[in-house]
Amino acid sequence: MPSVSVIVPVRNEARSIERTLRLLLTQDFPRDRYEVIVADGFSTDATVPVVRRLQGEFDNLKLVYNPARFASAGRNTAVRHATKDVVVVVDGHCHVPDRDYLKNLAAAFEASGADCLGRPQPLDVPEPTPFQQAVSAARSSRLGHNPGSDIFSDQPKFVTPQSTAVAYRRTVLHRIGLFDEAFDACEDVEFNERVHQAGLTCYFAPKAKIVYEPRSHFRALFYQLSRYGLGRARLAFKHPHSLTVPALVPPLFAAFALFGGLLGLVVPAAGAAWAASLCLYAAVLLAAAAVLGRGRPRAVAARVPVVFVAVHFGFAWGFWKEVGRQVRAALIDLARVRHPAPMNSNFAKSS
């Protein structure tokens, strides 16, 4: 089976990094056949001391530094130090389910012959709060994540890599290049878009599951999804064909929800459509809460609509924020072309 480099880009993950690393470093896999590379983005908490202490126990644990701090730069820093056959990304706050994770990963590469692998990424933790349970339920539903993504699937199959690939043969990195450091969110989706354009294969391996920890409150979830929205908009400007209808629905609906009422002051029909759409949205969220909350505590079901609001409007906020930034940059460039800066008069005279 192939040897494995596990890259772990982190910044301020002291609360969870030791648990994650111990699960990775005690895998039922030959120690000389894998390495774990932590790329630290200048953490200000105890992340680095924890990693250094673990280095005293495990000789296959490496620590490298990521001065740019972005996750994309952290991935690249770790990749440059990787020496094994395949590279897999594991975030510092993930939960590795069992000691067979690397064995399952390597076996899936060997059996499928694929260029890269995708994996399930359910949102679950031991003893979750009601809000975290609501996030887990909502994000795994069709209303809470991109319908084209397979990250909540449990069926082994070949898939498109955009939203699922997390492990790559080194030949993929040699052919595609590294992660685009202009992205601090969705850098994996952008990289996988290039993998897809190159015609490389991706196999979805359910046994290579990694569990992610859901955000614990509304503000953190809103911020997380706003970063996703920002990254998706940036991706659309770089790869226009990657923009899909599901990615456009939250931004367009949010814009209408915020400004449709003002339009209704001028066009009464638009005002009626605005009011009807908000009522329909509220009804859909309540119905989703009833379905997803079935068999769960009432506190969980009550939080499901709040989670959907954070997901949809957080994504929309980040998306429109990036669109505004891109438009401003384009206008500035256009103004420079039409009105170039005058030549320095002293320089002109001397010439």
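**Close-up 1. Residue classes in the lining of the second largest pocket.** In this predicted model, the lining holds ten polar, three charged and two nonpolar residues. Nonpolar means Ala, Val, Leu, Ile, Met, Phe, Trp, Tyr, Cys and Pro; charged means Asp, Glu, Lys and Arg; the others, Gly among them, are polar. Of its 15 lining residues, Asn146, Gln162, Ser163, Arg232 and Thr244 are the closest to the centre. Helices α7 (187–197) and α8 (218–238) each supply at least two lining residues. On a 1 Å grid over the protein atoms alone, a pocket is an open set of points with protein on both sides within 12 Å along at least five of seven lines; a cavity is a set where a 1.4 Å probe fits but cannot get out; lining residues have an atom within 4 Å of a point.

**Close-up 2. The largest cavity.** The structure holds one cavity of 30 Å³ or more. The largest cavity has a volume of about 40 Å³, the space filled by probe spheres set on grid points joined across faces, edges and corners. Its lining consists of Arg232, Leu235, Ser242, Leu243, Thr244, Ala247 and Phe319. By class, four are nonpolar, two polar and one charged.

**Close-up 3. The buried residues of helix α2.** Thr47, Val48, Val50, Val51 and Leu54 are buried in α2 (residues 47–55), with under 20% relative accessible area (1.4 Å probe, protein chains only). Down the helix axis they fall within an arc of 160 degrees, so they line one face of α2. The arc is taken from the directions from the axis to the C-beta atoms. Helices (H or I, at least four residues) and strands (E, at least two) are DSSP runs, numbered from the N terminus. Cover for these buried residues includes β1 (4–10), α1 (17–25), β2 (34–40) and β3 (61–65), by contact of heavy atoms within 4.5 Å.

**Notes.** Residues are numbered from 1 along each chain as its sequence is written, and side-chain values use heavy atoms, without hydrogens and water. Local features need pLDDT of at least 70 and side-chain atom pairs pLDDT 80 or more, while totals for chains, interfaces and linings use all residues.

Key
Buried < 20%, exposed > 50% of the residue type's maximum accessible area, 1.4 Å probe, protein only.
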